[in-house]
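Here is a short briefing on one protein chain. Look over the sequence and the structure, then read the points by topic.

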Amino acid sequence: MPQRDVVVIVGSLRRRSYTRRCALALMALAPESLKPGLVEIGDLPLYNQDDDANQAASVKRLKAEIQAASGLLFVTPEYNRSIPGVLKNALDNASRPYGQNAWAGKPAGVIGISVGVIGTALAQQHLRNILAYLDVPVLCQPEAFIHAHAGLFDADGSVGASSKAFLQGWMDKYVAWVKAHGG
């Protein structure tokens, strides 16, 4: 498989969030043939349709990174039984103005982590609904609703032994999805 760039969108701005730790751990499980990289979404202005004709530099940067990528990896927490506002804002900014949707056609994986026992099941479902409208083909199986618990990550931030096989299996399926559907 040729080298592929995958943009990793983390739905939490907190530097030491479980979501960011999960994203970094997943990136470490990616094969050498896949080149994942975090994209910044915390610097985006709140989406305002009045700005469509003159998008902010941060929005143009995000759209360019998405357009250059072969795939998308969304790692989300669950806030109030849905996706965080910062993630929705990124989705809105990069999909506008109408007819200039940077997300369209990019194969995606959706995964999340939460301290709640149901993980991020509802946030992921809401995100999948939005991505369906944005014409993003999303890996459906396996699903991964990760419950943040002691031992999930080792001291160095890598995936702990008890979860490594599951998350590696998920990453392997995601890589195959990008390979099959990436441009």
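The count of disulfides comes to 0. A disulfide is a covalent bond between the sulfur atoms of two cysteines. Here the term stands for a pair of cysteine sulfur atoms within 2.5 Å. This is a predicted model, in which local features need pLDDT of at least 70 and side-chain atom pairs count only at pLDDT 80 or more, while totals for chains, interfaces and linings use all residues. Residues are numbered from 1 along each chain as its sequence is written, and side-chain values use heavy atoms, with hydrogens and water left out.

**Cysteines**
- The cysteine sulfur closest to that of Cys22 belongs to Cys140. The two are 19 Å apart, so they are too far for a bond.
- Seen from Cys140, the closest cysteine sulfur is that of Cys22.
- Cys22 is buried, at a relative accessible area of 1%. Buried means under 20% relative accessible area, exposed means over 50%, and partly exposed lies in between (1.4 Å probe, protein chains only).

**Aromatic pairs**
- How many aromatic pairs does the structure hold? There are 2. Rings of Phe, Tyr and Trp (its six-membered ring) pair if their centres lie within 6.5 Å; planes under 30 degrees apart count as stacked, over 60 as edge-to-face and the rest as tilted.
- Phe74 and Trp103 form a tilted pair, because their planes meet at 45°; their ring centres are 5.6 Å apart.
- This pair links distant parts of the chain, 29 residues apart. Phe74 is in strand β3 (residues 71-76), and Trp103 is in the loop between α3 and β4. Helices (H or I, at least four residues) and strands (E, at least two) are DSSP runs, numbered from the N terminus.
- Phe74 is buried at 0% relative accessible area, and Trp103 is buried at 1%.
- Trp170 and Tyr174 are stacked, with 5.7 Å from centre to centre and 5° between the planes.
- Both Trp170 and Tyr174 lie in helix α5 (residues 161-181). They are 4 residues apart, about one turn of the helix.
- Trp170 has 1% relative accessibility, so it counts as buried. Tyr174 has 0%, so it is buried too.

**Ser95**
- Where is Ser95? Ser95 sits in the loop between α3 (85-94) and β4 (108-114).
- Ser95 is buried, with 10% relative accessible area.
- The Ser95 side chain reaches the backbone oxygen of Asp92 at 3.0 Å.
- Leaving aside residues up to four places away in sequence, Ser95 touches Gln100, Asn101, Ala102, Trp103 and Leu134. Contact means heavy atoms within 4.5 Å.

Terms used:
Polar contact = N/O pair within 3.5 Å; in protein donor to acceptor, adjacent residues only side chain to side chain.
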